[in-house]
Amino acid sequence: MRRVAVLLMAGLALLSLTGAAANPWVVDRDASRIEMSVRAFGGSHSGRFADWRGEIVFDPADPERTRATVVVESASLAMSPAVASARATGPAFLDAARHPQIRFDLQTLEPVGGERYLARARVTMKGVSRPVAFPVDLRVTGDQAHLAGAFVLNRADFGIGTSGPWNRLVGRQVTVRVALQARRA
């Protein structure tokens, strides 16, 4: 019986060591960006989210176990002109007062070849979650990592801007671009 207990404890220790291989990384917000663009009023309009935070657990030797959570303050979207920011974060679109955060949960990175991966994640806005899958480039040099990718969301899937005159004047496809720099913690 004692031998079984020792083997069980050794097995648990080995499992915990194996799980520890995925290391936490710290995002360098000054070197990173989260941007969006949408067609509206006959042109392309873009903006950048200024207030967000991210948590990443990543092991370069086992990228499929990667997990990341990025929480974006929806009111921090800055567009040009400023009136576009107020409209985008207002009640008809992101409704930042009632839905202050946008959440991105990366569930896995699947190797495609070289520095290319397929990211699978869930995006939550205005209380609605949807899966996304998109290609990313990931370069790891020592303790530094750089990830870049983009995905397209249909704003109507999240109940964004679906009523009133703006629905016809603003494109439904919103492109989100991410460029994250991180270092091993």
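**Backbone exceptions in a predicted model**

D95 is buried, with a relative accessible area of 8%. The structure is a predicted model. In this model, D95 has a positive phi of about 50°, although D95 is not a glycine. Most residues other than glycine have a negative phi. D95 is found in the loop between α2 and β7, and β7 covers residues 101-113.

K126 also has a positive phi of about 50° and is not a glycine. This residue lies in the loop between β8 (116-125) and β9 (128-141). K126 has a relative accessible area of 18%. The cut-off for buried is under 20%, so K126 counts as buried.

A further exception concerns a peptide bond. Most peptide bonds are trans. The bond from S80 to P81, however, is cis, with omega near 0°. P81 is found in the loop that links β6 (77-79) to α2 (82-89).

These residues sit within a chain of three helices and 11 strands.

The chain as a whole was then examined. The chain has 185 residues, and buried residues make up 38% of them. The accessible surface comes to about 10600 Å². Carbon and sulfur atoms account for 57% of that surface. Among contacts with a separation of 6 or more, 55% join residues 24 or more positions apart.

Technical notes
Residues are numbered from 1 along each chain as its sequence is written. This is a predicted model: local features need pLDDT of at least 70, side-chain atom pairs count only at pLDDT 80 or more; totals for chains, interfaces and linings use all residues. Side-chain values use heavy atoms; hydrogens and water are left out. Helices (H or I, at least four residues) and strands (E, at least two) are DSSP runs, numbered from the N terminus. Buried means under 20% relative accessible area, exposed over 50%, partly exposed in between (1.4 Å probe, protein chains only). Contact means heavy atoms within 4.5 Å. Accessible areas come from the Shrake-Rupley method with a 1.4 Å probe; for residues, only the protein chains shown count as cover.
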